[in-house]
Amino acid sequence: MLTPDQLDAYERDGVLLVENVADEAMLATMRRALAELIAQSASVTQHNEVYDLEPDHTAADPRLRRIKQPHRHHPIFREFCTTEPLLSILKQLLGPDIRMHNSKLNVKAPSGGSPLEWHQDWAFHPHTNASLLAVGLMLEDCTMENGPMLVLRGSHKGRVVHDHNADGRFCGAIDPEQVPLDYENRIACVGKAGTITLHHTFAVHGSAANTSNRPRPFLLYELMAADAWPLMGVKDLDEFDSRMICGEKTYCPRMEALPVRLPLPPADNLGSIYENQASIKNRYFTAALVAN
């Protein structure tokens, strides 16, 4: 359970780190599952429904940016988000009825794993209310050298929607030259394996390239209160309801007055966020990497 001080910190900063949420047995099982999925990607030559590849991915040296929806590919990745103490933490922040929006496992391969430019989760999937957050689990120790997630402190409070380019198309990224945020006022999500991060759907976050010789596997779940419904619609109701992780589903969305800009017109490069961001001109993390 989160303490009052931790709840206050999440409300103030839009991000919180909690240590020792996954034990070593859980982490070991996840690492084995991840190794199997990486090995299976050796025969893959282009992005598909499971894998997002690094540009230098080869059969001899499989290198991934992301495994998409890992909860569909190994039961351990579904199991974790329904176990304690994580479930009790989520209920404190989202209430008793919780649905998963999506999951992903950002591998961040060693010696050059791709960066992610500043962005907001809300811009990708606005809902009828803002009871949404993301949980990240560090499968290995995370340091500044292997490209941790960085979150701009308090950026969730502005409730301003970014992530469109100068032409008005969705691109899944914030142009640092056009959007004057305080990019240095950030919290680095570093910690020991088993630590989780929690960040608000409006929080601005991103990560630099992995400059270390160690991978940075980071398992992410996007979760919402069951009465938060996606404004882009529900394509398959049975599948949608299958993502309930606790409590009761509802067909009565709760409405809040919130800033919304649909992720339309769609990105020039469809696919994962890495592909969405491929066409942006002004990059923060790439520039920082070159400068250093």
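Tutor: A polar contact is a pair of N or O atoms within 3.5 Å; within protein, one must be able to donate a hydrogen and the other to accept it. Keep that in mind for His 156. The model is predicted.

Student: What does the side chain of His 156 reach, and what makes that a polar contact?

Tutor: The side chain reaches the backbone oxygen of Glu 11 at 2.9 Å. The limit is 3.5 Å, so 2.9 Å falls within it.

Student: How do you know whether His 156 is buried or exposed?

Tutor: Its relative accessible area is 5%. Buried means under 20%, so His 156 is buried. His 156 sits in the loop between β7 and β8. Leaving aside neighbours within four places in sequence, His 156 contacts Tyr 10, Glu 11, Arg 12, Asp 13 and Gly 14, as well as His 200, Phe 202 and Ala 203.

Student: Which network do Arg 12 and Asp 13 belong to?

Tutor: Salt bridges with shared partners join Arg 12, Asp 13 and Arg 153 into one network. The whole structure has 16 salt bridges.

Student: Why is the pair Arg 72 and Glu 239 called a salt bridge?

Tutor: Their side chains meet at 2.6 Å, N to O. The cut-off is 4 Å, so the pair qualifies. The partners are 167 residues apart: Arg 72 is in the loop between β3 and α3, Glu 239 in helix α6.

Student: What makes Glu 239 partly exposed?

Tutor: Its relative accessible area is 21%. Buried requires under 20% and exposed over 50%, so Glu 239 falls in between. Arg 72, at 45%, is partly exposed too.

Student: How do you know that Lys 192 and Asp 141 form a salt bridge?

Tutor: Their N to O distance is 3.7 Å. That is within 4 Å, so the pair counts. Lys 192 lies in the loop between β8 and β9 and Asp 141 in the loop between β6 and β7, so the bridge ties together parts 51 residues apart in sequence.

Student: Why is Lys 192 called exposed?

Tutor: Lys 192 has 58% relative accessibility. The threshold is over 50%, so Lys 192 is exposed. Asp 141, at 34%, counts as partly exposed.

Student: What makes Asp 268 and Arg 169 a salt bridge?

Tutor: The side chains meet at 3.0 Å, N to O. With a cut-off of 4 Å, the pair therefore qualifies. Asp 268 is in the loop between β12 and α7, Arg 169 in the loop between β7 and β8, 99 residues apart. Arg 169 is partly exposed, at 27%.

Student: Which residues form the nonpolar patch on the surface?

Tutor: Leu 231, Met 232, Val 260, Leu 262 and Leu 264, with about 390 Å² of accessible area together.

Student: Which residues of the largest nonpolar core touch the most other members?

Tutor: Phe 80, Ile 196, Leu 198 and Leu 223, out of 43 residues. Helix α2 gives the most to this core, with six residues. Another core, of 13 residues, lies apart; Leu 132 and Phe 240 are among them.

Student: What does Phe 80 touch?

Tutor: Not counting residues up to four places away in sequence, its partners include Val 21, Met 26, Met 30, Leu 137, Ile 196 and Tyr 221.

How values were computed: Residues numbered from 1 in each chain as written. Predicted model: local features only at pLDDT ≥ 70, side-chain atom pairs only at ≥ 80, totals over all residues. Heavy atoms only, no water. Core = buried A, V, L, I, M, F, W, Y, C linked by side-chain atoms within 4.5 Å. Buried < 20%, exposed > 50% of the residue type's maximum accessible area, 1.4 Å probe, protein only. Helix = DSSP H or I, 4+ residues; strand = E, 2+ residues; numbered from the N terminus. Contact = heavy atoms within 4.5 Å. Patch = residues over 30% accessible without salt bridge, like charges linked within 9 Å, V, L, I, M, F, W, Y side chains within 5 Å. Areas by Shrake-Rupley, 256 points an atom, 1.4 Å probe, with all protein chains shown as cover.
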